[in-house]
Amino acid sequence: METISNTLFWISNGLLVPVIVLLLLFLVRSFLLIGGFFGEYYQRTRLQQRFNAMSGTINAANCDEMLGHLPKSSNSKFTKCLNELVQHREQLAFCERLLANYEVDAEKELGKSRILAKLGPMLGLMGTLIPMGPALVGLANGDISSMAYNMQVAFATTVVGMVIAVAGILTLQVKQRWLSHELNDLEYFYKTITVDLHHEKE
């Protein structure tokens, strides 16, 4: 039994370095996600306001002209999807597939935030528990400096894990609203510019 316990102890300690490395990588990833989030927020807000302003007057006849009023510098997937819907408006199956693929891509984009929200606390918890063993050993041996160092590592990994989780959760919540709104707008736009074709098909 002692052999098994010692083996588990050494395996657990061996995981500390990979856990810390992953935490640092996810922390950098969360900073990049937050930085890109604010730029994306400005772009999406501007594009959404422009689309909402003209959504009530869009029809099959003027859709090309209306898309020309959208921000020229915007290279968002939403704008590209609008343009492809217009170009292939007579291919109903293609348009439906395009909308389905957009939804798949949206889930893929949300996956980046979900990973941070889920793995951040897990890695933080692992980074907290792993040093506790050596800290207790140091306490039992009277090595206060070793115990203090391991406790410092435990608390630091907890904080980093929580920061990663907060970045993931916040961006996930906002992006879910963005993408749901965009999907609704795309379906509305698709039905608006293909209404006559749907009638003919029926």
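**Figure 1. Composition of the residues that line the largest pocket of this predicted model.** The lining divides into ten charged, five nonpolar and three polar residues. These 18 residues surround a space of about 330 Å³, and those that lie nearest the centre of the pocket are Glu40, Arg44, Lys77, Glu109 and Lys175. Two or more lining residues come from each of helix H2 (16-54), helix H5 (92-129) and helix H7 (144-193), and among these elements H2 gives the most, with seven residues.

**Figure 2. The salt bridge between Glu182 and Arg44.** In this pair, one of six salt bridges found in a search of the whole structure, the closest N and O atoms are 2.4 Å apart. Glu182 belongs to helix H7 and Arg44 to helix H2, so the contact ties together parts of the chain that are 138 residues apart in sequence. Both Glu182 and Arg44 are buried.

**Figure 3. The salt bridge between Glu109 and Lys175, and the network to which these residues belong.** The side chains of Glu109 and Lys175 meet with an N to O distance of 3.9 Å, and the pair links distant parts of the chain, with Glu109 in helix H5 and Lys175 in helix H7, 66 residues apart. Glu109 counts as buried because its relative accessibility of 14% is under 20%, and Lys175, with a relative accessible area of 5%, is buried as well. Through salt bridges that share partners, Glu109 and Lys175 are joined with Glu40, Arg44 and Glu182 into one network.

**Figure 4. The salt bridge between Arg114 and Glu107.** The closest N and O atoms of Arg114 and Glu107 are 3.3 Å apart. Arg114 has a relative accessibility of 26% and therefore counts as partly exposed, while Glu107 is also partly exposed, with a relative accessible area of 43%.

**Figure 5. A nonpolar patch on the surface, formed by Ile4, Leu8, Ile11, Leu15 and Met126.** Together these residues present about 460 Å² of accessible area. Helix H1, which spans residues 2-14, gives the most to the patch, with three residues.

How values were computed:
Residues are numbered from 1 along each chain as its sequence is written. This is a predicted model: local features need pLDDT of at least 70, side-chain atom pairs count only at pLDDT 80 or more; totals for chains, interfaces and linings use all residues. Side-chain values use heavy atoms; hydrogens and water are left out. On a 1 Å grid over the protein atoms alone, a cavity is a set of points where a 1.4 Å probe fits but cannot get out, and a pocket is an open set with protein on both sides within 12 Å along at least five of seven lines; lining residues have an atom within 4 Å of a point. Grid points are joined across faces, edges and corners, and a volume is the space filled by probe spheres set on the points. Helices (H or I, at least four residues) and strands (E, at least two) are DSSP runs, numbered from the N terminus. Ala, Val, Leu, Ile, Met, Phe, Trp, Tyr, Cys and Pro count as nonpolar, Asp, Glu, Lys and Arg as charged, and the others, Gly among them, as polar. Patches are made of residues with over 30% relative accessible area and no salt bridge: like charges are joined within 9 Å, nonpolar side chains (Val, Leu, Ile, Met, Phe, Trp, Tyr) within 5 Å. Accessible areas come from the Shrake-Rupley method with a 1.4 Å probe; for residues, only the protein chains shown count as cover. A salt bridge is a side-chain nitrogen of Lys or Arg within 4 Å of a carboxyl oxygen of Asp or Glu. Buried means under 20% relative accessible area, exposed over 50%, partly exposed in between (1.4 Å probe, protein chains only).
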